[in-house]
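Thanks for coming, everyone. Let me put the structure up on the screen, and then we'll walk through it.

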Amino acid sequence: MSTPTTQPANDLLTRAGAIENSGWGRSFTFYQPRNAAFWVYLALVVSGAFKFFSLLSSSAGAYGEAIALSLVLFGVYGAIFWWFTQHIDRYARQPVKLIVVAFLWGSFAATWVMAANANDAILSLYAKTFGQAWASDWGPGLTAPFTEEIAKGIGVLLLIALASRLVRTAFDGFILGAFIGLGFQIFEDVLYALNSAASQFGADPVGAAMPTIILRMVFGVAAHTLYSAIFGAGLVYLLGRPAEPRRVGRGLALMATAMLLHGLWDSAGALTQGKNALLFPLFFVMVAAALTLVVRVFRMTVPRERQFLSDILAPEVDRGVITDEEFVALCGDHKARRAFRKSAGGHAARKRAEYVLEAAADLADALADSHGTNTGRVEFARSEVSRIRSGQPSVKL
Amino acid sequence: MTETETTVRDDPPRTPFEPEDRWVPVDRRWFGLDRVTIIPAAIVLAVAIVMSILIPAVNNSVAYDDEVVAGDVMELKDGITFVPAVGWGITDGVRETDAPVSGSFPQRATLVNSGALFTVYTAPFAGDANALLEQIKKTSDALATAESLRVSGDSSSITTASGIRGVITSYSNSTADGVIAAFVVDGKGIEVVSTGPSDVAPTITDDIAHMIVSISHRAGEGS
């Protein structure tokens with residue numbers, strides 16, 4: 001009976017390897033005084049936050065209402081993006097603390113310490129070298145893609161040094177890059193709103209800021225969050241990680257793609273020579289192209305994460321905790337999950353099928369946290385999968 | 001299921017003890033720091049220094065040399081124009097002959113000469129020139145710090161050579177003087193701010209006066 005005995009043992013070894021390689025379930029400690037990256041992070045984020053809040057406080061006297069409105073609206077907008085980005089990170093999920101650290105890098109260090117200073121100086125140099133008109137047309141498109149993508153993307157390098165056990169795959173770079181970009185986008189948008197509030201001599205700050213806020217929200221779906229997700233994935237491919245072999249060409253191509261998308265967006269006015277009949281269609285084409293690209297990068301990076309999930313849960317199929325159909329749906333894409341739910345039958349059964357998948361994902365988390373050992377939490381997670389599948393009520397009153 | 005299988009499934013491979021996140025192996029310690037974190041941290045710090053210090057320093061070391069010559073006319077958004085004084089340096093804004101390909105002239109133009117600064121800014125405004133000056137004063141007061149220039153309460157009327165009526169007032173603090181003028185034409189407000197040292201040369205003052213009265217609006221644009 002050597003085969004039946006060896007197979008489960010191999011599965012368990014594979015599971016242990018997947019948990020180790022993925023960093024799934026590993027903790028993150030922010031305060032690491034012996035980590036040089038911690039001090040650099042702290043210095044730059046605190047400097048950026050100081051600069052940002054100094055700017056807000058100096059403008060609050062004249063534009064306080066517009067600032068408050070933009071903070072609230074972009075806060076809600078950012079929360080939606082936050083939820084969505086966490087939702088797609090359904091595999092070796094990053095700890096919330098690390099996500100907050102990524103977000104704050106984009107919010108303060110990348111924005112106010114790095115990009116803002118470099119942008120102003122480079123635009124001024126362009127004006128001095130090529131003239132004001134040229135700088136006005138092409139300066140933004142030939143500045144921000146380099147300064148801002150590098151300022152945000154280098155945050156992923158810092159996060160690797162801060163959380164080397166957690167940032168293991170290009171998908172991790174994709175997710176953390178997205179959160180860095182989200183922070184950058186939200187706080188840059190607040191600045192844009194503030195500039196607009198001041199644009200009509202301060203006569204109607206809220207009225208002057210609202211069109212900017214709406215436009216930034218509409219077109220923000222394909223902006224910094226998306227660029228940085230692509231750039232972050234590219235950076236991890238470029239550097240290579242224990243669970244992601246180095247692919248220099250792919251990494252550079254993705255980083256260049258993020259810069260190109262950003263550059264085209266910032267040059268749209270000059271490319272269409274200011275013709276609104278061309279400008280808005282071009283915006284929609286660029287948004288569609290950017291969304292298509294980011295989906296492709298997601299599909300490019302996610303298989304490794306799905307393989308980790310498959311490796312972690314495969315022994316649970318042998319054990320009879322998860323069915324083959326559930327396993328396929330769990331480790332597949334959204335179409336596989338949808339097909340699984342649909343196959344369940346009526347509304348209640350489809351809902352139950354969805355809950356079973358969520359409970360199985362909880363089991364994967366519990367197994368990762370325990371390094372694959374059988375703990376009370378793991379046993380409970382197994383029992384929850386069975387309970388939900390059978391339609392029994394929860395033990396929690 | 002055999003006994004062997006059951007044992008294997010319930011006794012997964014033992015994982016080694018995992019030290020806490022702050023632990024650093026002794027062979028990676030360098031002056032108390034984790035050696036492998038130094039290079040990435042140094043790279044990030046270097047990029048931050050280049051972006052926030054080095055590039056701005058390079059920019060500061062390069063002077064503007066875009067000097068106004070006879071015949072130049074500055075153009076702003078919505079057809080607002082003025083004739084810059086010869087010899088002043090253009091640090092912001094474009095000439096009417098140098099239209100951006102995006103088709104939209106900027107809202108602001110700034111010129112400098114011998115420590116004096118002359119800025120013209122345009123934006124939509126509902127109200128007359130007095131209301132615009134009052135709004136500028138209100139915003140300026142709300143943003144003012146102890147060192148800020150303050151808009152004077154007194155104002156007088158001014159009419160440009162093209163017939164645009166406006167108001168002008170003084171603008172000063174303990175070390176600098178200046179003027180602020182406000183005009184409104186076809187729903188577009190025009191703010192002129194000029195500041196300089198208290199002992200600015202009379203020729204500079206003349207240049208500023210000529211630039212203000214040269215402000216014009218090309219009818220039919222932006223209205």
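Let's begin with one question: is the crossing of H5(A) and H9(A) left-handed or right-handed? The crossing of H5(A) and H9(A) is right-handed. Handedness works like this: a crossing is left-handed if the near helix is turned anticlockwise from the far one by less than a right angle, and right-handed if clockwise.

Some ground rules first. This is a predicted model, where local features need pLDDT of at least 70 and side-chain atom pairs count only at pLDDT 80 or more, while totals for chains, interfaces and linings use all residues. Residues are numbered from 1 along each chain as its sequence is written, and chains are lettered from A and ligands numbered from 1 in the order in which they are written.

Now the two chains. Chain A has 15 helices and zero strands. Helices (H or I, at least four residues) and strands (E, at least two) are DSSP runs, numbered from the N terminus. The radius of gyration of chain A is 24 Å, close to the 21 Å that the globule rule gives for 397 residues, so chain A is as compact as a globular protein of that length. That radius is taken over C-alpha atoms, and the globule rule is 2.2 Å times the number of residues to the power 0.38. Along its principal axes, the C-alpha trace of chain A spans about 80 × 50 × 40 Å.

On to chain B. Chain B has four helices and 14 strands. Its radius of gyration is 31 Å, well over the 17 Å that the globule rule gives for 223 residues, so chain B is more spread out than a compact globule. The C-alpha atoms of chain B fill a box of roughly 105 × 45 × 40 Å along the principal axes.

Next, domains. Their bounds come from an automatic or database domain assignment. Chain A is divided into domain 1 (17-301) and domain 2 (320-390). The C-alpha centres of these two domains of chain A are 35 Å apart. Four residues of domain 1 of chain A are in contact with six residues of domain 2 of chain A. In contact means that the C-beta atoms, placed from the backbone, lie within 7 Å. In chain B, the assignment gives domain 1 (1-62) and domain 2 (74-217). Their C-alpha centres lie 55 Å apart.

How do the chains meet? 58 residues of chain A are in contact with 54 residues of chain B. On the chain A side, the elements giving two or more residues are H1 (2-22), H2 (36-88), H3 (96-130), H4 (132-138), H5 (144-162) and H10 (268-271). H3(A) gives the most, with nine residues. By class, the chain A side divides into 30 nonpolar, 24 polar and four charged. Here Ala, Val, Leu, Ile, Met, Phe, Trp, Tyr, Cys and Pro count as nonpolar, Asp, Glu, Lys and Arg as charged, and the others, Gly among them, as polar.

Back to helix packing inside chain A. H5(A) and H9(A), residues 248-266, pack at about 135°, with their axes 9 Å apart. That makes H5(A) oblique to H9(A). Axes are lines fitted to C-alpha atoms, for helices over the stretch in contact, and angles run from 0 to 180 degrees between N-to-C directions. Under 35 degrees counts as roughly parallel, over 145 as roughly antiparallel, 65 to 115 as roughly perpendicular and the rest as oblique. The residues that meet include A:Phe146 and A:Gly153 in H5(A), and A:Met255 and A:His262 in H9(A). That contact divides into six nonpolar, three polar and three charged residues.

H5(A) has another partner. H2(A) and H5(A) pack at about 140°, axes 8 Å apart. Their crossing is left-handed. A:Ala37, A:Phe38, A:Val40 and A:Tyr41 of H2(A) meet A:Leu158, A:Ala161 and A:Leu162 of H5(A). The contact has seven nonpolar, no polar and no charged residues.

Last pair. The axes of H13(A), residues 334-343, and H14(A), residues 347-369, come within 7 Å and cross at roughly 135°. That crossing is right-handed. Among the contact residues are A:Arg337 and A:Phe340 of H13(A), with A:Glu354 and A:Leu357 of H14(A).

Technical notes
Two residues are in contact if their C-beta atoms, placed from the backbone, lie within 7 Å.
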